[in-house]
Amino acid sequence: MNTESTWRYTFVTTLYTLLAIFIVGQLVRIQANPEQVEHFLVQAKLHEGDLRLIQPARGLLYDRWGRLLAGNITVYEVGAELAQVRNPHSIALTLNVVLGLDYAEVLEAVSQEVSPEAVYVVLDDYVTQEKIELLERYETELENTTSRNKGEEPPSLQGLVFKPHLQRSYPEKRLASNVLGFVNREGRGYYGVEAKFNDLIAGKTMEVLVPRDPNLALELPEIPDGASIILTIDRAIQAEVENILDQAVEENGADSGTIVVADPQTGEILAMTTTPRLDLNEYWQYAEVFKGSTPFNRAISQAYEPGSVYKVLTMAAALDAGAVTPETVFLDVGVIEVGGIYIYNWNSAAWGPQDMQGCLQHSLNVCLAWVATQLGTKNFYDYMRAFGIGRLTGVDLAGEVIGRLKIPGDTDWYEADLGTNSFGQGVAVTPLQMVMAVSAIANEGKLVAPRIVRSFIDKGNQYDTEIRIVGMPIKPETARTLSELLARSLEEEASSALVEGYRVVGKTGTAEIPTPYGYSLSATNASFVGWGPMDDPRFLVYIWLEKPTSSPWGSVVAAPIFHDIVERLVVLMDIPPDDVRRDILASQ
Amino acid sequence: MERVRNLTQAYSQAPWRKQLKLIVLFLLCVVFAALIAGIYLDVTARAATMGREILIMRAEIEAQELENADLSSQLAVLTSATEMRPRALEMGFMPVERDEIIYVVVPGYVPPQKPDLAPPPAPTKVIAAALPADYKQSLIDWFREQIIPTLSRAVEVSP
C-alpha cells in the first residue's frame, strides 16, 4: 500500500469517525437535556396526526311505519388554506357574489400572513350542495384563465376548501313539528322529541387523533351514530288531522286549536297537533311564529280549564264508588249551593228530574256538582289523582306542564272547589292529561301512560317500547256503563259528532275562560273528547279550540271536528263499520 | 499417502483459503441480513399500503354515508305528504271516502306490522377469534414476543 493510499484511507476513516462521534454526541446532548426532550416530544406529537372533532350523524326520526320525519343533509364549511391562496381578490369577489359574504371581510381574512396561529380560516358554514357545485364550477373555469396584465396574479380560487358535514333536515317541513322539535346549528335539540332525547340522538362527539402513520389506521376509534327513533305518530293521520284543524281554526275564528289522537288500548299517540306550527327547516323564525308566551306544543305545555268534558271523570268516579247509579234521579231546580257559592246550569234553567244519562246528555253543572257532593270530597280528589290529574303524564316530549288540581289541605282550596271542579272549572289540565284520564274509561278501566316512542334503534339493534299500565282508577264494569251512557247521550242528542255505521262515545265541553277579574263571558274554550268504535276502541280523539268566534259552544264547533276526524280515521286505520266488523268476527 | 498429506497441508496452509472462508462467511451474513431486511421491508411496505388503503376506504365510507344521508332525505322530501298529495290529485286520484270502501275477507292477509329497521338485540355470545395471533403479528412483534418472555423469565429466575 503506498503512502498516498494510506493518507486517503486515514482521511476517510477520520471523517466517518468524527461524523459518528458528532451524531452520538448530539444524541447524548438531546437525551440529556429535558428541555430538548420536551421540545422534540411536542414536535413529534404535532406531526403524529391531525386532531379532528368527529361529530356522529344525528339519529333519524321515523313515523310508525318507518317514513322519515327527520333526517340529515350534507352542507359544507367553506374555508381557505392560507398557504395555498393565490389571489385573495378572486376569492372575496366570488364568495360575495355566490354566498353573499362581505367582500372586505373575506379579503382581510384570506390576505392574512401564514403563521402557526393562522393556517386555515373559516369563511362560511352550512352552505348548500348547489352553491358548492357553483363554486367548484367557477374554480375550474378560473384555472384556465390567464392574467390580462403582465406580472399580475391571474384570477384563481386556489386555497378555497369545502368541508362536508351533516345538518338536520325535516322533509315534512311543518308536519308534526310540535312533536318533533328542532335542532339548532350547534346540534342542540329544542322542544319535542329532539330535546327530550337530545343526548341519545346526538351521539357522543369525540376529538380523535387521525394518525399519519398508516400502520396506526386500525387504531382509529369507531364512533357510533346517534340512536334513531321510530315514533308512534302515523304520518297519514297526522297530515289529515293537521288539515282538519287548520280548516276548523280558520272557519271558527279561533285563537288556536289542539287535537290529540291516541290509541286508548296502548297509549300510543297517533297524531298530535296544535297551532301555530313552524317549518322546522327554518327554525330561526321561531320568534315570529310563536309570539309572546305562545307554547310550542299546547297539547302538553298549556294547561287550561277544560269545562264539561271533565264531567266524564266526575261521573266515572261517582259510578265506580257507588255514589250514584245510571238510574239515580236528580231533581234539577237550576241551582245548587256548594261551599257557599251558587252553581247554575249553562243556560241558567231548571231541567227537572234527570237520571245520570240526562245529566251528561244536557251537560248539567248543577247535577254534576250534586253528584260530586254525593261522592264526597276525599273520594272525589282521590279519584282525580288516580286518573292522573295534577300529575305529569310522563310522555316522552320536552316541555310538559303539570296543570293544577287543588286538593283539600292546599291553602287556596275551598269547599266550593268541589262543586266547580266537578264540571271542569277551577282545575287546569293539559289536553294530554285529559287523553290519558279518559282513555281509562275507553280501556276497561286501565290507565295507560301515553307514549310517543315506538322503538329505539341504537348500535344496530331495535328496542321496542312496551305498553305501560299505570293504574286502574275505575272498574271495567264502570267503564262499560259510562261508555254506554255517553254513547246514548250522543245518539239521543243527534250530535254532529256521530259517524254513520260506527258507534262512538263522546262528550262536549264549553268552558268560560278565567281572567284576573273573574270568568270571561265573551270567550270560551270549546272541547270534545270521544272514542270509538265503542265495543273495541281503536282511537280516542281530544279536541280543543281556544276562543272560537263562530259559536262559543263545544257542541257546535268541536263536535263536527270529531266527526270529520273519525271519517278519516276509519279509512286510514282500516276500521270497518260495526256491522261489517261483527260479521267478519262471526265468520272467523 | 505422503503425497496426499502434502497436498492437504499445502491446501490448508494456502493464505487465500482463509480469506475465502472469511469472505464467504461475510457474504453469507450479508445475504442473510439482506434477506431479513428484504422480508421486513416487504412486510412493512405491505402493512403501510394496507393502512393507507384503510384510511382511504374510511374516507370513502364517510363520503358515502354523507351521500346516503342526502339521498334518503331527498327521497323523503319527494315522498312527503305535502308533495304526494298534490301530485296524486294531479294524476286524478281522490282520497277514498268511508262509504266508498268495500271490506272483503282475504284469508291469510296480514295487516301492516311495525317496521323492523334493525334486528332486535341478541343475547351476547363469545365468538372465538377467526385468525390466530400468529397470522396477524408482524415480524418485529414475533421477535418481541419471543425475546421479551425469555428476558422476563430470566429476570424472574435470577436471585
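**Before you start**

This is a predicted model, in which local features need pLDDT of at least 70, side-chain atom pairs count only at pLDDT 80 or more, and totals for chains, interfaces and linings use all residues. Residues are numbered from 1 along each chain as its sequence is written, while chains are lettered from A and ligands numbered from 1 in the order in which they are written.

**Stop 1: all of chain A**

Select chain A. It has 21 helices and 22 strands. Both are DSSP runs, numbered from the N terminus: helices are H or I with at least four residues, strands are E with at least two. The C-alpha atoms fill a box of roughly 140 × 60 × 55 Å along the principal axes. The radius of gyration of chain A is 35 Å, whereas a compact globule of 588 residues would have one near 25 Å. (That radius is taken over C-alpha atoms, and the globule rule is 2.2 Å times the number of residues to the power 0.38.)

Now look inside. Of the 588 residues in chain A, 45% are buried. (Buried means 20 or more other C-beta atoms within 10 Å of the residue's own, exposed means 12 or fewer, and partly exposed lies in between; C-beta atoms are placed from the backbone.) Take the contacts between residues at least 6 apart in sequence: 72% join residues at least 24 apart. (A contact needs C-beta atoms, placed from the backbone, within 7 Å.)

**Stop 2: the five-stranded sheet**

Select β11, β10, β22, β21 and β20 of chain A. In that order they form an open sheet with antiparallel pairing. (Strands pair if DSSP finds at least two bridges between them.) The edge strands are β11 (269-274) and β20 (505-515), each pairing on one side only. From one strand to the next, the twist averages 10°.

Zoom in on β10 (256-262) and β22 (539-546) of chain A. Seven bridges join these antiparallel strands. Find Ala262(A): opposite stands Leu540(A) in β22(A).

(Axes are lines fitted to C-alpha atoms, for helices over the stretch in contact, and angles run from 0 to 180 degrees between N-to-C directions.)

**Stop 3: Ser308**

Select Ser308(A), in the loop between α11 (298-301) and α12 of chain A. Is Ser308(A) buried or exposed? Ser308(A) is buried, because 26 other C-beta atoms lie within 10 Å. Ser308(A) touches residues including Ser363(A), Phe423(A), Lys507(A) and Thr510(A). Next, find Gln425(A). Gln425(A) is 117 residues from Ser308(A) along the chain, but their C-alpha atoms are separated by 8.4 Å.

**Stop 4: two helix pairs**

Two packed helices are described by the angle between their axes and the distance between the axes.

Select α12 (311-321) and α14 (365-375) of chain A. Their axes come within 10 Å and cross at roughly 40°. The crossing of α12(A) past α14(A) is left-handed. (Left-handed means that the near helix is turned anticlockwise from the far one by less than a right angle, right-handed that it is turned clockwise.) Among the residues in contact are Met315(A) and Ala318(A) of α12(A), and Leu368(A) and Val371(A) of α14(A). By class, this contact has eight nonpolar, two polar and one charged residues. (Ala, Val, Leu, Ile, Met, Phe, Trp, Tyr, Cys and Pro count as nonpolar, Asp, Glu, Lys and Arg as charged, and the others, Gly among them, as polar.)

Move to α3 (88-98) and α4 (103-110) of chain A. They pack at about 145°, with axes 8 Å apart. Here the crossing is right-handed. Ile91(A) and Leu95(A) are among the α3(A) residues that meet α4(A), where Val106(A) and Leu107(A) are among the partners. The contact divides into nine nonpolar, two polar and no charged residues.

**Stop 5: strand β9**

Select β9 (228-231) of chain A. Ser228(A) and Ile230(A) point one way, Ile229(A) and Leu231(A) the other, and all are buried. Which strand runs parallel to β9(A), joined by two bridges? That is β2 (61-62) of chain A. In this pair, Tyr62(A) stands opposite Ile230(A). β17(A) pairs with β9(A) in the antiparallel sense, over four bridges. There, Ile457(A) is the bridge partner of Ser228(A).

**Last stop: where the chains meet**

Show chain B too. The contact takes 38 residues from chain A and 33 residues from chain B. On chain A, β3 gives the most, with five residues. By class, the side of chain A that touches chain B has 21 nonpolar, ten polar and seven charged residues.

Notes: Contact = placed C-beta atoms within 7 Å. Lists of a residue's contacts leave out its neighbours within four places in sequence.
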